Amino acid sequence: MSCNSGNEADLILINGTVWTVDDQQPEAEAVAIVDNEIAAVGSTEEISQWEGSGTQVVDLEGTFVVPGFNDNHVHFANAARFLEFNIMRTSSQEEFVERVEDVVGRLEDGEWILGGLWGAYDDWEFGSPGGGTGQRFTPDMSRVEEITQNNPVFIQRFDRSEYAINRKAMEEAGLDPDNPQAEGLEFERDGNGNPTGIVTGEVYSFFSEFIPSDFSYERRVQQTKNALAEMRKYGVTNVSDMSDDTQVEIYKDLKERGELTARIHYRYHLERWEELAEQGMEIGSGDAWIRFGSLKGHIDGIMGNSSARFYEPYDHNPDERGSWRRLMVDEDGNYAPDKFYSYMQGADEAGLQLTVHAIGDEANHLLLNMLEDLIEENGEKDRRFRLVHAQVMQDEDIARMGDLDVIAEVQPIHASDDMRWMEERIGKDRSEGAYAFKSIKDSGAMLSFGTDWPGTAAAEYHISPMYGLYAAVTRKTMTGEPEGGWFPEERISMEEAIKAYTLNTAYANFEDDIKGSITVGKLADITVLDQNLFEVDPMNLPDVNVLYTIVDGEIVYKR
């Protein structure tokens with residue numbers, strides 16, 4: 001397939017194994033790119049005819065080519081901050097000191113070091129079925145006092161049960177570092193009575209007025225560049241983000257400078273629909289680099305802290321069924337689903353796309369009821385409603401997803417991570433409807449994949465699509481348990497998983513006409529891998545490497 005009218009290509013890829021995700025031409029050997037578009041897809045012999053004096057030729061030597069991965073769900077600003085500094089998996093004081101030295105070396109004097117999130121894997125080691133390290137790590141602030149003397153440090157354990165604060169941060173808060181005292185706070189002391197920097201109590205409430213509400217614009221730009229580099233490394237060419245207005249301005253600035261190396265599908269919060277509609281925003285607003293027109297809302301909480309909303313109580317906590325989010329309750333905190341529905345109805349009528357978070361079985365059922373009411377009130381149209389996470393559902397609601405043409409915006413890594421403790425919290429029967437990817441697909445609903453990068457305060461979700469592909473086709477933890485997979489009947493094929501991570505997410509973004517497959521006329525966003533995803537042992541998927549990432553026809557990453 002080509003549109004050659006005598007022009008030479010700017011870039012050609014030859015001698016590859018190209019999986020196009022295009023049913024009209026599923027496989028090929030080579031691709032020709034002119035400007036920022038795919039100009040031809042075919043055999044190496046055919047594509048070689050596009051070579052001219054100015055053509056860059058990449059011999060793929062049999063390596064595997066797919067459309068650029070399109071992640072349906074990231075929290076970009078959080079990920080950028082997380083990459084700058086976190087000690088989530090740190091288990092030694094030496095490693096802690098290294099991480100602090102690294103971040104201090106990149107900061108101006110006076111800039112705060114925040115985050116930390118230590119201890120998340122003390123009990124549940126990363127990727128394991130359970131057990132953890134068996135040792136409780138707490139940072140020794142005395143080992144970093146000298147190197148952080150010009151930078152306040154205010155970091156926290158993942159569950160916020162304790163904080164680690166250096167002398168500079170205490171001074172900023174008006175405390176005496178040698179004898180800090182404040183109502184509601186307890187300062188740990190060593191055997192000699194000296195403060196260790198570990199603080200418990202109402203710590204954040206006290207320090208919040210001294211901690212900057214945001215980092216400087218320049219620091220956030222650098223964080224963004226670091227995060228974009230991480231995405232390039234793992235072949236991610238497009239993400240759906242939901243950060244803040246500052247992040248949007250940074251995207252725009254980097255685009256103008258030619259430094260934006262991934263495309264952004266951006267979602268504002270649902271309650272802002274009227275403001276955005278008044279500005280003329282609708283589905284398809286923006287351009288191929290930064291797309292607008294979608295909104296994000298939340299029905300319930302999350303599984304990690306047992307706040308996802310269920311019909312029946314949690315098995316491990318009989319007094320808890322989960323909670324409703326802010327737009328689901330009135331000013332007095334009373335359940336008010338009509339409030340949320342009014343936002344949905346208004347935004348949908350204004351031509352904006354709805355993407356709504358629901359995790360527990362009651363939350364998902366309620367959301368589908370609202371969608372049915374919305375369709376009846378506003379009429380049938382191409383709304384591409386995205387049910388975000390769809391983590392635990394009853395069989396009848398899974399069936400309704402297909403009837404309502406729902407797009408399931410799911411993150412398979414959740415299954416690998418949560419299966420370690422899922423049955424302990426909600427039992428085996430309810431777990432049968434958890435992360436039910438095959439059942440959702442068989443219902444007629446569309447699967448769209450992503451990561452939820454960087455994760456929660458208690459778990460890290462890597463941006464690499466290989467983790468999600470692994471989870472979807474194996475249904476195992478990252479260390480391979482259980483044998484045969486967790487509810488293995490919900491596994492899907494590699495072909496289906498790749499499509500969910502490329503073309504289906506482009507469709508979910510209303511961009512399948514220009515993205516998502518290696519098709520003539522579409523944007524040249526392409527990822528080259530060192531192993532064939534159809535031939536590699538699924539247990540080795542996390543070890544597959546990206547060799548090239550191509551965005552807008554330019555090689556932005558080469559291993």
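Predicted model: local features only at pLDDT ≥ 70, side-chain atom pairs only at ≥ 80, totals over all residues.
H9 covers residues 337-349, and H10 covers residues 361-378. Their axes are 10 Å apart, and the angle between them is about 45 degrees. Why call that oblique? Because an angle under 35 degrees would count as roughly parallel, and 65 to 115 would count as roughly perpendicular. The crossing is right-handed.

Who meets whom here? From H9 come Pro337, Phe340, Tyr341, Met344, Gln345, Asp348 and Glu349. From H10 come Leu366, Leu367, Met370, Leu371, Asp373, Leu374, Glu377 and Asn378. Sort the residues of this contact by type and you get nine nonpolar, two polar and four charged.

Stay with H10. It has another partner, helix H11, residues 395-403. Here the angle is about 35 degrees, with the axes 10 Å apart. Which hand does this crossing have, left or right? H10 passes H11 in a left-handed crossing. On the H10 side, the residues are Asp361, His365, Leu368, Asn369 and Glu372. On the H11 side, they are Asp397, Arg400 and Met401. This contact divides into two nonpolar, two polar and four charged residues.

Alanine 390 sits in the loop between strand S18 (386-389) and H11. Its phi is near 45 degrees, which is positive, and alanine 390 is not a glycine. Most residues other than glycine have a negative phi.

H6, residues 217-233, packs against H7, residues 245-257. The angle is about 70 degrees, and the axes are 10 Å apart. That makes H6 roughly perpendicular to H7. The crossing of H6 and H7 is right-handed. H6 brings Tyr217, Arg220, Val221, Thr224, Lys225 and Leu228. H7 answers with Thr246, Gln247, Glu249, Ile250, Asp253, Leu254 and Arg257. By type, the residues of this contact are five nonpolar, three polar and five charged.

Next, peptide bonds. Most peptide bonds are trans. Where do we find cis ones? The bond from tryptophan 453 to proline 454 is cis, with omega near 5 degrees. Proline 454 lies in the loop between strand S20 (446-449) and strand S21 (455-456). Glutamate 481 and proline 482 are also joined by a cis bond, and omega there is about -10 degrees. Proline 482 is in the loop between helix H15 (465-474) and helix H16 (494-500).

Go back to tryptophan 453 and proline 454. What touches them from elsewhere in the chain? Histidine 75 does. Histidine 75 is in the loop between strand S8 (69-74) and helix H2 (76-84). Leaving out residues up to four places away in sequence, histidine 75 touches Asp241, Met242, Ser243, Asp452, Trp453 and Pro454. Tryptophan 421 is 346 residues from histidine 75 along the chain, and their C-alpha atoms are separated by 24 Å.

Last topic: rings. How many aromatic pairs does the structure hold? It holds 20. One aromatic cluster is formed by Phe154, Tyr163, Tyr204, Phe206, Phe207 and Phe210.

Then there is arginine 384. Which rings does it sit over? Arginine 384 lies over the face of tyrosine 507, at 3.8 Å from the ring centre. The charged end of arginine 384 also sits over the ring of phenylalanine 510, 4.3 Å from the centre of that ring.

To recap the helices: H9 crosses H10 with a right hand, H10 crosses H11 with a left hand, and H6 crosses H7 with a right hand.

Note on methods: Residues numbered from 1 in each chain as written. Heavy atoms only, no water. Phe/Tyr/Trp six-rings, centres within 6.5 Å; stacked < 30°, edge-to-face > 60°. Lys NZ or Arg CZ within 6 Å of the ring centre and 35° of its normal. Axes fitted to C-alpha atoms, helices over the stretch in contact; angles between N-to-C directions. Helix = DSSP H or I, 4+ residues; strand = E, 2+ residues; numbered from the N terminus. Left-handed = near helix turned anticlockwise from the far one by under 90°. Contact = heavy atoms within 4.5 Å. Nonpolar A, V, L, I, M, F, W, Y, C, P; charged D, E, K, R; others polar. Parallel < 35°, antiparallel > 145°, perpendicular 65-115°, else oblique.
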